[in-house]
Amino acid sequence: MGFFNFHKNTFKNGIHPPESKDETNDLPIRQFPFAPVIILPMAQHIGAPSQIVVREGQEVHRGELLAKAGGYVSVPMHAPVSGIIRKIANVPTISGKMSPGIFIETFPFSTQEVLEGNPIDPDTATAEEILQGIQDAGIVGLGGAAFPTHVKLKVPEGKKCETLIINGIECEPYLTTDHRVMLEQESDIFTGIKYLLKATGAKNAIIGIEANKQDAADHLAKHIPKELPVTIKVLPVKYPQGAEKMLITSILRKEVPSKGFPIEVGVVVVNVATAAEIGRLLPHGRGIQERVITITGPGVKKKGNYLIPVGTPLRFVLDQVGVDEEISEVYMGGPMMGVAVSNLDISIVKGTSGILVFTGKDVDRSSKIYPCIKCGACVDACPILLNPSKLGILAKFEAYDQMVSDYNLMDCFECGSCTYVCPSHIPLVQYFRLSKRIVRKREAVKKEEVNA
Amino acid sequence: MLKKTLDISSSPHINKGRSTDDIMKNVVCALMPVVFFSFYSFGLNALLVILTATLACVLTEHFLCRLSKKETTVNDYSAVITGLLLGLTLPPSFPLWMAFVGGVIGIALGKYIFGGLGYNVFNPALVARAVLQAAFPVAITTWHPALLPDRFSTISGSVFTWPFMQPQFDAIAGATPLSAFKFDGITTPTMELAFGQISGSTGETCAVIIALGGLYLIARNMMSWRIPMAVVLSAFVLSGALYLFNRELYPSPFFMVFSGGLMLGAVFMATDMVSSPITPIGLWIYGGIIGILTIVIRIWSGLPEGVMYSILLANAISPHIDTVVKNRVYGTNRKMKAA
């Protein structure tokens with residue numbers, strides 16, 4: 001927080017990392033080549049993995065159902081390419097865990113046309129039919145979390161959704177995916193909003209966009225269909241405004257209760273690319289085959305915003321765009337919350353919003369860790385108003401219970417602002433990530449003991 | 001084909017690129033004008049006192065690190081700050097050996113014994129000064145007039161007092177505005193206080209230069225603006241109320257705020273990050289305690305000045321302020337907990 005904080009139109013605290021979006025925000029979305037082999041992991045979303053319904057040796061058409069949802073919190077998977085299933089085996093994922101996966105050999109001369117399914121008409125379909133359609137299309141949050149969208153949209157009994165917020169913030173540095181989607185897929189976005197309004201019962205929709213994407217805001221404002229209750233709200237640039245809770249506070253001046261969901265303040269938030277995907281797929285009854293991904297970073301030669309089939313191996317992607325000899329780290333997602341890739345044999349998944357390549361000199365590894373001098377920079381950065389300094393000290397002493405009970409550890413959503421600003425280079429959010437996992441594990445063990 | 005092995009690390013993968021020693025270096029920079037003014041005002045005497053205190057702190061820190069077989073921590077500049085601050089709170093013709101002892105005590109007992117940078121409970125410079133005040137009550141209250149004509153050519157005899165000997169002070173001793181007020185009932189005009197044409201500790205006399213140093217640090221986001229604001233405001237309000245109550249008995253709030261070590265204390269001592277609270281409300285409380293205690297000590301105690309003891313007391317309370325006063329975490333409210 002600065003000396004004066006006059007920006008009433010935003011949430012408290014937060015940080016201003018360099019945006020680094022200039023190199024790709026003017027580049028239109030381009031179709032990426034089809035990889036000779038597509039490797040499709042079944043665990044690409046939060047929830048149960050999809051269950052494979054095809055067999056080895058089977059020929060599949062692009063858009064064909066390959067796997068059905070593994071439960072309510074799960075989505076089906078569709079063929080990203082036309083080809084032949086060579087193998088069904090475990091494949092590596094970014095978390096390091098193996099997941100069941102399908103290897104598809106792409107037909108080299110296929111036109112890669114997409115199968116039509118059962119269209120859903122936004123005017124006649126019921127809310128349930130739309131939710132089912134969204135699940136059937138395999139749609140998950142494309143902002144990065146990859147949470148099945150139909151679960152999020154389902155308004156629980158006794159709650160009411162007043163406002164639908166479309167998240168076009170894209171506060172992560174480097175990423176320009178949503179920016180391009182807003183500039184190029186406006187009709188899909190508005191069709192998607194139409195479905196979403198119906199599915200949630202919300203009266204109106206607000207598209208939140210940060211001021212560094214004014215062109216996208218203007219473009220969308222010009223194309224709002226007459227009968228659609230949509231407004232556009234341009235917000236000052238600040239990280240992590242793209243986080244649901246922060247966005248709701250910025251737009252509606254409401255706070256989502258701790259441990260609660262946006263629906264408790266009558267809001268559902270959907271990422272703008274997710275809305276566009278719904279608007280593109282549902283009228284044709286299709287499933288997700290590809291998504292827009294920003295490939296950028298100092299180590300990439302052909303930077304850009306690409307439409308890449310899900311399941312494309314990362315190694316193929318990097319070979320196509322060309323990377324620097326001195327490549328050091330590759331991240332999936334942005335530099336603030338993205339995950340470092342340990343293995344290039346993983347695939348692009350539905351939640352991949354960006355691929356960032358850093359060379360050795362971009363990664364600051366030499367910085368020495370000093371003791372905490374209680375400067376309070378982390379306290380002034382934390383959007384949830386936690387005390388990261390104190391939490392960091394407690395984490396060092398493994399005082400996890402106190403972190404949870406006295407310092408609201410579980411409210412931390414790991415945006416990394418504290419680590420970003422810390423002059424002593426203390427890996428605060430890294431401590432918290434670990435602490436949260438340990439706490440969850442302990443709780444699970446406790447529960448098991450009670451049940452046993 | 002890519003063959004290189006990748007490195008992995010946990011996000012975030014970028015940082016602000018500011019480090020603790022950057023902050024410390026900037027504090028040293030902000031203190032430089034104060035040091036120069038001190039030299040201008042008190043001449044060679046003051047310069048020698050400040051240099052000695054700084055040298056003592058740096059040497060002690062280095063020696064203690066060596067002793068405990070750790071990498072030396074003098075490069076983080078925190079010992080330099082302690083030394084400068086100690087030097088700036090001592091009288092200009094203070095014996096050098098005493099200043100040196102002060103520096104050693106500040107680092108050894110005020111900081112290193114607690115675990116070094118980041119762990120000290122009290123501001124090390126003030127710990128040193130408190131010890132000096134107790135040990136050498138005469139030397140630390142013998143003031144030297146400002147702007148003497150021969151200040152750049154001669155050095156007072158007391159400065160070079162032989163170690164463990166009592167200093168012989170020159171006949172021309174001045175009174176600080178606060179002691180002049182306390183013991184003789186004379187108030188100094190505010191303009192003289194603000195621009196430092198007065199006697200006092202080497203670094204405390206020019207309120208304007210101190211405030212400018214503070215503004216620089218605040219503008220660079222390297223200092224909490226709340227602490228100096230809270231100290232000055234609370235001192236001003238309390239002394240103002242007393243002044244309105246009885247103009248004969250109590251000095252004007254401007255005199256109180258600009259005299260003595262209040263400005264130096266508010267800007268450079270109370271803002272020591274390690275020994276102050278961390279939450280915004282905590283900072284206000286902490287600053288308020290310092291401002292009010294200072295006025296209380298100045299007016300009702302036997303001492304003319306109370307900034308040092310108020311800050312040390314507030315330092316002691318500061319961890320407790322942090323435990324009691326917490327930020328209201330997003331999505332919670334204090335009432336909800338009771339329900």
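Guide: The cover over the buried residues of H10(A) includes helix H9 (377-381), helix H11 (400-407), H12 and H13 of chain A, together with helix H13 (307-324) of chain B. Helices here are DSSP runs of H or I of at least four residues, and strands are E runs of at least two, numbered from the N terminus. The model is predicted: local features need pLDDT of at least 70, side-chain atom pairs count only at pLDDT 80 or more, and totals for chains, interfaces and linings use all residues. Residues are numbered from 1 along each chain as its sequence is written, and chains are lettered from A and ligands numbered from 1 in the order in which they are written.

Buried means that 20 or more other C-beta atoms, placed from the backbone, lie within 10 Å of the residue's own. In H10(A), that applies to Pro388(A), Ser389(A), Lys390(A), Leu391(A), Gly392(A), Leu394(A) and Ala395(A). With 7 of its 9 residues buried, H10(A) is largely enclosed by the rest of the structure. Just after H10(A), Glu398(A) has a positive phi of about 60°.

Now the chain contact. 59 residues of chain A are in contact with 39 residues of chain B; contact means C-beta atoms, placed from the backbone, within 7 Å. Helix H10 (388-396) of chain A is among the elements that each supply at least two residues of the side touching chain B. Others include helix H12 (417-421) and helix H13 (428-451) of chain A. S15(A) gives the most, with 5 residues.

Note on methods
Contact = placed C-beta atoms within 7 Å. Buried ≥ 20, exposed ≤ 12 C-beta atoms within 10 Å, placed from the backbone.
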